[in-house]
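Subject: Structure handover

Hello,

Please find the structure below, with its sequence. My notes come after it.

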Amino acid sequence: MKNNHKKIIIAFALFLISFGIKAQVKFGVRAGLNASTVSFPNLPNKSEKIGFHAGVFADVPLVEDFMSIQPEVSYSTKGTSFKVLSEKQSINMNYVDLILPVSFKMSDFNINVGPFASYLISTPDYTYYNNNSVLVDAFKKFDAGLSAGLGYNFNKMMIGVRYNQGFIDVTEDNARVFLGSGKNAVGQLSLGYKF
């Protein structure tokens with residue numbers, strides 16, 4: 001499976017580079033903070049987990065000065081925090097995100113919306129505290145959903161907020177009885193630079 005996700009990343013990177021041959025295509029980097037949670041209904045005292053994301057993207061014009069697509073590959077730390085017996089715990093989930101938003105430009109502002117697919121590259125376990133059992137491989141590798149955001153551009157720099165909502169239950173059968181069904185939700189604040 002590890003080789004498969006490496007092949008997907010390489011293929012997507014080649015896809016981005018192929019667009020670079022065309023005129024007016026710009027590349028950039030983006031990084032920032034994540035505030036994430038997973039909608040596990042049975043998890044006690046659930047709260048957001050703070051993490052980060054970092055990635056590269058291309059800006060491919062479709063309608064000059066109005067609409068473009070911005071394919072992006074990023075590394076993103078997600079998961080959720082919770083409390084058991086007043087002790088704060090976290091489920092840490094590290095993903096590679098492939099995002100394909102359409103960007104609508106209005107002067108210095110832009111609105112972005114589009115699908116994303118994610119691949120879990122870490123192996124988070126979950127300890128069930130009532131009987132102290134550890135659930136191994138408790139979460140599915142694949143996630144997908146919708147991304148929407150708002151950005152502001154100044155010169156080559158940009159600042160943006162984005163919300164990614166997963167549509168897939170990421171809980172494996174062995175963990176669903178303890179956690180319930182869970183979907184990823186991530187709010188992001190990022191800074192970016194276009195070359």
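The notes cover the pocket, the strand pairing, the backbone angles and the ring contacts.

This is a predicted model, in which local features need pLDDT of at least 70, side-chain atom pairs count only at pLDDT 80 or more, and totals for chains, interfaces and linings use all residues. Residues are numbered from 1 along each chain as its sequence is written, and side-chain values use heavy atoms, with hydrogens and water left out.

Pocket

The largest pocket has a volume of about 700 Å³. A pocket here is an open set of points on a 1 Å grid over the protein atoms alone, where a 1.4 Å probe fits and protein lies on both sides within 12 Å along at least five of seven lines. Grid points are joined across faces, edges and corners, and the volume is the space filled by probe spheres set on the points.

The lining of this pocket has 39 residues, and Asp59, Gln70, Lys105, Asn153 and Lys194 are the ones nearest its centre. Lining residues have an atom within 4 Å of a point. Elements that give two or more residues to the lining include β1 (26–38), β2 (49–63), β11 (157–166) and β12 (184–194). β10 gives the most, with seven residues. Strands are DSSP runs (E, at least two residues), numbered from the N terminus.

By type, the lining divides into 14 nonpolar, 14 polar and 11 charged residues. Ala, Val, Leu, Ile, Met, Phe, Trp, Tyr, Cys and Pro count as nonpolar, Asp, Glu, Lys and Arg as charged, and the others, Gly among them, as polar.

Strand pairing

Strands β4 (residues 72–84) and β5 (residues 87–99) run antiparallel and are joined by 13 bridges; two strands pair if DSSP finds at least two bridges between them. Valine 73 has leucine 98 of β5 as its bridge partner. β5 also pairs with β7 in the antiparallel sense, over five bridges, and there isoleucine 99 is partnered by phenylalanine 116 of β7.

Glycine 187 lies in strand β12. Glycine 187 is partly exposed, at 24% relative accessible area (buried is under 20%, exposed over 50%, partly exposed in between, with a 1.4 Å probe and protein chains only).

Backbone angles

Most residues other than glycine have a negative phi. The β4 and β5 hairpin has two residues between the strands, and leucine 85 there takes a positive phi near 55°. Serine 86, in the loop between β4 and β5, has a phi near 65° and is exposed, with a relative accessible area of 72%. Aspartate 137 has a positive phi of about 50° and sits in the loop between β9 (133–135) and β10.

Ring contacts

The count comes to six aromatic pairs. Rings of Phe, Tyr and Trp (its six-membered ring) pair if their centres lie within 6.5 Å, and planes under 30 degrees apart count as stacked, over 60 as edge-to-face and the rest as tilted. Tyrosine 193 and phenylalanine 195 make an edge-to-face pair, 5.3 Å centre to centre with 75° between the planes. Tyrosine 193 is partly exposed at 30% relative accessible area, whereas phenylalanine 195 is exposed at 57%. Phe109, Tyr152 and Phe154 form one aromatic cluster.

Arginine 30 lies over the face of phenylalanine 57, 4.4 Å from the ring centre. Lysine 78 lies over the face of tyrosine 95, at 4.6 Å. The rule for both is NZ of Lys or CZ of Arg within 6 Å of the ring centre and within 35 degrees of the ring normal.

Regards

Conventions:
Helix = DSSP H or I, 4+ residues; strand = E, 2+ residues; numbered from the N terminus.
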